Amino acid sequence: MDFALTQEHQLIKEMAYKFGQQEVVPGLTERDRDAVADRKVLDKLGESGLLGVSLPAKYNGSDTDYVSLGIVCEELERADSSVRVIMSVHSGLHCLTLLQWGTAEQKSRWLPDLAKGNKIGAFGLTEPNAGSDAVNMKTRAVRDGDSYVLNGEKTWISLSDYADSFLVVAVTNPDATPKAAGMSAFIVHRDMEGFHSAPIKGKLGVRAGNTGSLFFENVRVPIENRLGEEGDGFKVAMSALDNGRYTVGAGAVGIVTACLDACNKYVRDRKVGGEEIGRKQLVQQMIANMAAGRDIGRLLYYQVGWMKNQGLRHTRECSMAKWQNCNFAFQAAHDAVEIHGAYGFCDEYPVERYFRNSRGAMIYEGTREIHTIMQAEYEIGYRNDKPFKHMLPTWPFGDDV
Ligand code: CAA
């Protein structure tokens, strides 16, 4: 493995960092305070070309490798979690999963507009009564001629009110054993009759981002919009999470870096008894832990990006990176508040926002508890990863992608 960033990686890193600082940070404190998701950020992200990262040039993508997607997520989340969430949902959960599972016809039909940001994609798995326990979802898709008729509800869906298309998982055979074998995945478009969305208000974090619920009332979805075979839905969802969790784990490193950006400045500006607080050993301990979280976190997500490039199954490594990096981010944000004292308790400084945002990532895309259990099961031997049909294409992309 070679974990040195290439010149292309460096350029992408710089570009994503600048995007965050120039297009996301201005006005962010107010948007976060007022819980306003600014659609313009999403549009500018499309114009910048970043929504096409890690997608083949054949589909209007940037043709960069999968590590690049992680780097973009890290640098964007250094500005704000809400903009990284866009990458997670659109690029990770939606586009890469289309690339992985779509037929040639489906990829040509949908990916070019998604890569350009002309269309926005999202993901619908969670339901009011099925979060970690995804296999017990209630949304039904009943075959009727050349279509499926969908009824049900999804919730905690990022970009619920902005996305044009949703990768939705529904039950097609309620009697299947195991239950996972009775689920199928569909691409549902916002303009399909019987579909509507509604935002969720009062969130603790990611307040400058849009989250909501999706409602399906006899939504007729043509068979050409089914992703994978009937019964593949759970596998489509789990492999989508291998893509989404990667972006969350990479983004979490951006929170740690943002905490260091804020704290390294604050500890030199703030003096106690005439001495910079950066000279105090208990403060140094917190800074050193943040630096360790950033460096270990990068290695964890670079490894997953590298495995994606090689076409290797990486569910275990991806779960580890997501789980540990989110812990690093939460601890770093907690300590950043501590270092800032009372100033860390108000939005004059950004660290209280990092603290609230870092808490969310310990819940979405697999809770801390789910990842703990997964890692224990892998370690003991109760869970094993084997290659499966429809792996992500290896990078560099071939002509057959
Ligand atoms: N890729 C492909 N196939 C996979 C897979 C993967 N990563 N993981 C599992 N599968 C396959 C398995 O091979 C198995 O198929 P076979 O029977 O043919 O071998 C099938 O799927 C069932 O797998 P498991 O037996 O491993 O399933 P499980 O019931 O043990 O899984 C679980 C349990 C790991 C807890 C899983 O339910 C899980 O991850 N739950 C958490 C769900 C989650 O993360 N939700 C987040 C919602 S998304 C979100 O938050 C996005 C947003 O908008 C913010």
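Predicted model: local features only at pLDDT ≥ 70, side-chain atom pairs only at ≥ 80, totals over all residues.
The ligand is surrounded by 24 residues, of which the closest are Lys235, Met238, Ser239, Tyr364 and Gly366. By class, the shell around the ligand consists of 15 nonpolar, 6 polar and 3 charged residues. Strand E3 (147-158), helix H7 (233-269) and helix H11 (368-380) each contribute at least two residues to this shell, and the largest share, 6 residues, is supplied by H7. Because domain 2 (123-232) and domain 3 (235-380) both give residues to the shell, the ligand lies between these domains.

| Strand paired with E7 (residues 211-222) | Sense | Bridges |
|---|---|---|
| E3 | antiparallel | 9 bridges |
| E6 (residues 195-199) | antiparallel | 5 bridges |

Within E7, Val219 has Leu150 standing opposite, while Ser213 in E7 has Ala198 standing opposite.

Elsewhere in the model, helix H4 (residues 66-79) and helix H8 (residues 281-310) have axes that come within 7 Å of each other and cross at roughly 150°. Angles over 145 degrees count as roughly antiparallel, and H4 and H8 are therefore roughly antiparallel to each other. From H4, the residues Tyr66, Val67 and Gly70 meet Tyr301, Tyr302, Gly305, Trp306, Lys308 and Asn309 in H8. The contact of H4 with H8 divides by class into 5 nonpolar, 3 polar and 1 charged residues.

Conventions
Residues numbered from 1 in each chain as written. Axes fitted to C-alpha atoms, helices over the stretch in contact; angles between N-to-C directions. Helix = DSSP H or I, 4+ residues; strand = E, 2+ residues; numbered from the N terminus. Parallel < 35°, antiparallel > 145°, perpendicular 65-115°, else oblique. Contact = placed C-beta atoms within 7 Å. Nonpolar A, V, L, I, M, F, W, Y, C, P; charged D, E, K, R; others polar. Near = placed C-beta within 6 Å. Domains from an automatic or database assignment. Pairing = 2+ DSSP bridges.
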